[in-house]
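Here is a note for a colleague who is starting to read protein structures. Please keep the sequence and the 3D view side by side while going through the points.

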Amino acid sequence: MKKYLLVDGYNVINAWPELKKIGVEHLQEARDRLIELLVEYKSFTGERVILVFDAHLVKGTLIKEQSLHGVEIIFTKEHQTADSYIEKKVEELTKNRRNVVRVATSDWAEQQVVLGSGATRISARELHIEIELVKKQIRTKTNEVQKNYDRLGDRIDANVFEILERWRRRQ
């Protein structure tokens, strides 16, 4: 069973105060920050993340797909909204009932369509809380690893450690 998280990019950017503030003057920077957070989230949880941005108002655009450290990033084509892309993707992913699909959006109408297609929804606020919890778990795990790595025996060859230990015991 595969787990998927589809994220309505601009909906999340506009719902998170820190990203919205950045996005007012530097939209690309807000997108990059969201991508960075989702890459970290994906790396820790293993959940497949698909981030969708609207490009439906940009003349002559074709769908643009890229992957960054395992996060799929989609810019929709002209006349296609992120909502319509997400709806089609949810139907595709839930067709065989073997996938667990969640959609992060605060758009109420989109949430209803997603629920009707067999996926679950989380609001942008809930995603923010989830990402903050994951960041906290990563810090905790990193600190534990760092503590364990601080022992000399963890950093040197076992044979060298054994020789040093014998020397220490003689004194």
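Predicted model: local features only at pLDDT ≥ 70, side-chain atom pairs only at ≥ 80, totals over all residues.

1. Six strands make up an open sheet with mixed pairing, and their order is β3-β4-β2-β1-β5-β6. The edges are taken by β3 (64–68) and β6 (120–122), each of which has a single partner strand, so one side of each is left without a neighbour in the sheet. On average, and ignoring direction, neighbouring strands of this sheet are turned by 20 degrees against each other.

2. Strands of a sheet pair through backbone hydrogen bonds, and the pairing may be parallel or antiparallel. For β3 and strand β4 (residues 71–75) the sense is antiparallel, and the pairing runs over five bridges. Serine 67 can be found opposite glutamate 72, which belongs to β4. Helix α3 packs on the sheet, where it touches β1 (2–8), β2, β3, β4 and β5, and its direction makes about 165 degrees with that of β2.

3. How far apart should the end C-alpha atoms of α8 be? With 13 residues at 1.5 Å a residue, α8 should span 18 Å, and the 19 Å between its end C-alpha atoms agrees with this. The N-terminal end of α8 is capped by aspartate 157, which has a side-chain oxygen 3.2 Å from the backbone nitrogen of asparagine 159.

4. Side chains of opposite charge can pair when their charged atoms come close. The structure holds nine salt bridges, one of them between glutamate 165 and arginine 168, with the closest N and O atoms 2.4 Å apart. These two residues are three apart in helix α8 (residues 158–170), and about one helical turn therefore separates them. Glutamate 165 counts as buried at 18% relative accessibility, whereas arginine 168, at 55%, counts as exposed.

5. Another salt bridge joins the side chains of glutamate 47 and arginine 102, at 3.2 Å from N to O. Because glutamate 47 lies in the loop between α3 (27–45) and β2 (48–53), while arginine 102 is in strand β5 (residues 99–104), the pair ties together parts that are 55 residues apart in sequence. Are these two residues buried or exposed? Glutamate 47 is buried, with a relative accessible area of 8%, and arginine 102 also counts as buried, at 15%.

6. A further salt bridge links glutamate 126 with arginine 121, whose closest N and O atoms are 3.0 Å apart. Glutamate 126 is partly exposed, with a relative accessible area of 33%, and arginine 121 is partly exposed at 31%.

Terms used:
Residues numbered from 1 in each chain as written. Heavy atoms only, no water. Salt bridge = Lys/Arg side-chain N within 4 Å of Asp/Glu carboxyl O. Helix = DSSP H or I, 4+ residues; strand = E, 2+ residues; numbered from the N terminus. Buried < 20%, exposed > 50% of the residue type's maximum accessible area, 1.4 Å probe, protein only. Expected span 1.5 Å × (residues − 1). Polar contact = N/O pair within 3.5 Å; in protein donor to acceptor, adjacent residues only side chain to side chain. Pairing = 2+ DSSP bridges. Axes fitted to C-alpha atoms, helices over the stretch in contact; angles between N-to-C directions. Contact = heavy atoms within 4.5 Å.
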